[in-house]
Amino acid sequence: MRMAIIGFAGGAAFLQTRAMLPAISVMAWAVGFLSAWLALWQLASKRRLIDDGALRHRVWGATHAVLVGAIVGFYWAAWLAHGVLSSQLASADEGRDFTVIGTVDNLPYRFAQGARFNFAVERVLDGGGAAGTPPPVPARVPPRIALSWYAGFRDQVTEVGDVQPGERWQLTVRLQRPHGNANEYGFDYEAWLLEQGVRATGYVRPHPANRRLDSFVFSASNLIEHGRAALRARILAALPDKPYAGVIVALVVGDQRGIDQSDWKVFTNTGIGHLVSISGLHITMVAGLFALAAFTLWRHSFFTRAQLPLLLPAQKVAALVGAAVALFYVLLAGFGVPAQRTLYMLIVVAVALWLNRIASVSHVLCTALGVVVLLDPWAVLWPGFWLSFGAVAVILYSTVGRTTLRQARGAPGAADASQPGAPTWGARCWQALRVGAHTQYAVTLGLVPLTMLLFGQVSVVSPLANAVAIPLISLVVTPLALVGSMLPLPMAGFVLGLAHLLVEWLTICLQWFSGLRFAVWRAPTPPLWLFCWTMFGTLWLLAPRGWPARWLGLATWIPLLAAEPSHPDPGRMTVTAFDVGQGMALLIETSHHRLLYDTGPSYGPEINAGGRVILPYLRARGIASLDGMIVSHSDADHSGGALSVLDGLRVDWVLASLMTNHPIMEAARRHVRCAAGQAWTWDGVRFEILHPLGASYADASLKPNARGCTLKITAGGKSMLLAGDIEALQESQLVLRDRERLRADVLLVPHHGSGTSSTPDFLQAVNPAVAVFQVGYRNRYQHPKKEVYERYGELQIQRLRTDQTGALTLDFGQTIRIASYRETHARYWYGR
């Protein structure tokens, strides 16, 4: 059974790597074939004699179980995917306004510009909300959509409704199909929406018909979300303007969106991010406390003469109470994967106890794995799934059966069999400390290969940070936060304030850990074969005492931790045009140098392309520094991520058309204004600044676009022109001044293809074979303009749009090789 479950999870994971879903007819044939195969296998198994070939039979049986489980998992996940995708918004309905009635069905997230929430559509009104009986929901509107409600709409101040979970609202919304930025090592927003069953996104339009219809619509999920919102409101009211109130909220209801990005950076660098939420450790601790209380009270019959244990054993009562409390806490957590894993494991143990069965830890873990993937086959896409089950698997591998063996051999802290009585309190504490230290040691080492595979980095200070954070968060802060959230407000303020004070002290300690020079070890994300080799060595390292030369396992880490980032050969260059939405950001790499041209847009007060797209990519590649960065001009879609990049890694110099007192220039180690005539050569690759003229900085009337740094790069006889947001006047000046030098094989389209750029004379002078449009999906500026886009087509120029292709990788040498992320990493949910 365990092998079948592992195969089931593997089959579901394999489906998530496919570019296409199997057709329904193929799935039906597969089910019939599998049923016949299983029937024949059972018949053959009954006739097979088990003699000296028993081992071979068991191996074949395990292989058969894995194969059958994989097939079932693959087609089960495919069937669920077909069901979710069937409610997709039609392309023809993108950009249309709908007046919908439905309920807020999750915990809304409030930010400076408004609120975001999921909306369960009940019906759609004809004629934008005309009176009369509403018709059923048309197929063109998915049953679940994700909405944003902004306080400002196209320079108009609008009022954002106080949406709460479970409320029924009538809203006028504009929708589009799910779409997210597609970059290597980046977050897959489209897969995340698919997992939630959200098949359209959009925003609330200003309209008189927008109004609340009912204050609460009863359902089990609405009741849970309403309770989570009430607890969050109580905590925030008790901790007004406190910097770590978001951490307390995360510990009580699992909502981590209120934690500042700067704090997340500290938690990640110190390896304690798993504690800043409702983790499996917290659920086990809370369930264990309630189970112990129930066991004690039931065993003593609530200190009466009822003799309750004669009616029902206290162990069964404790198991039931623990499982119920775990379920309640997991519902508060929003049903995340680590919480699910813990819940299912506790339920399996409770069921085994009630049925008087002995449940082995491997059966418990595999059952939890099977249930998680059965209910949510997309869970395998997220790091939390692999880290959660990987951590438990490492603990089981390194501890099960060994503590008893040590005690039998007379390990320190174990009971002496020659003396009557139980171990002393001090001996029990010493033994618990030894077990805890060994467990932390095993988890720290055991997850190194997986952490490197998922994040390209590992926290060196994690053991020390967790040694402080685990007991403080799990045993003190979390209970205080839970109790405080339930108390009346005056008392809640004191208890929650104490929990907040402890978090504040802990963060000060973690900031010191995070600031250490070697707090985090970064290296390129390893290929699959290197990960498997390192994982083999890690298992060898954690093998039981007596295993030969366990230290040799560390040798497998050398190629993992000492790897260097890949780079082009001398004389060649690679350009990565990121998919950052409506903005520009390109990484230019030569043999020994790297340059970032523009840094993408800002998405919010603390969220931008630098932190969301560029830094994760660089860290996963093992790139710890940049030789230079060019910020073409000050517009937010080009400079929005610059400060995050400068804060996240070393940048030797910044070349920009910004004023010297601009925050980006002040944050740079060395800064220079770009001006025509500047040039340098890296590893046989020529870089030239063609615009603006140095004298233009004296003209205060020029717009930032007019001074955009225009860069030409030449490698291996091929060249690329990066024109920023220059407009028609600047294009004509360049044609008159440097017509011959404008010639390039690839053109980064000026101003994203706006109607003010890409004049025919300029395009004829550049004469590119390929044009790259860095644009956002259905952006508000409608870039690229239809007439401009067609102009490129009429000139037989290959047109590539990042909103359609995802990130682009251009390899320059004697020829130019181009790869797009959405083709090389095609998934069945892209464009769906």
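Which strands and which helix make a right-handed β-α-β unit? In this predicted model, the unit consists of β23, helix α24 (residues 728-742) and β24. A crossover is right-handed if, with the strands pointing away from the viewer, the path from the first strand over the helix to the second runs clockwise. Helices (H or I, at least four residues) and strands (E, at least two) are DSSP runs, numbered from the N terminus.

Residues are numbered from 1 along each chain as its sequence is written, and side-chain values use heavy atoms, with hydrogens and water left out. Local features need pLDDT of at least 70 and side-chain atom pairs count only at pLDDT 80 or more, whereas totals for chains, interfaces and linings use all residues.

Two strands pair if DSSP finds at least two bridges between them. Axes are lines fitted to C-alpha atoms, for helices over the stretch in contact, and angles run from 0 to 180 degrees between N-to-C directions.

T681 has R686 in β21 as its bridge partner. Further in, strand β22 (residues 710-715) pairs with β23 in the antiparallel sense over five bridges. One of these bridge pairs is A715 with K718 in β23. The two strands form a hairpin with two residues between them. G716, in the turn, has a positive phi of about 60°.

Strand β23 (residues 718-722) is mostly covered. Four of its five residues are buried, where buried means under 20% relative accessible area, exposed over 50%, and partly exposed in between (1.4 Å probe, protein chains only). Towards β24 (residues 746-748), β23 runs parallel, with three bridges. L722 is bridged to L748 in β24.

Strand β27 (residues 808-812) pairs with β28 in the antiparallel sense over five bridges. Here F812 stands opposite I816 in β28. Contact means heavy atoms within 4.5 Å.

Helix pairs were examined next. Two packed helices are described by the angle between their axes and the distance between the axes. Helix α5 (residues 220-238) and helix α6 (residues 245-253) pack at about 150°, with axes 10 Å apart. α5 and α6 are therefore roughly antiparallel. Angles under 35 degrees count as roughly parallel, over 145 as roughly antiparallel, 65 to 115 as roughly perpendicular and the rest as oblique. The α5-α6 crossing is right-handed. A crossing is left-handed if the near helix is turned anticlockwise from the far one by less than a right angle, and right-handed if clockwise. On α5, the contact is made by R228, L231, R232, I235 and L236. On α6, A245, I248, V249, V252 and V253 take part.

α6 also packs on helix α16 (residues 462-486), at about 85° and with axes 9 Å apart. This pair is therefore roughly perpendicular. I248, L251 and V252 in α6 meet I473, V477, T478, A481, L482 and S485 in α16.

Helix α8 (residues 280-299) and helix α10 (residues 337-354) pack at about 35°, with axes 8 Å apart. Their crossing is right-handed. G280, I283, T284 and A287 of α8 meet P338, A339, T342 and L346 of α10.
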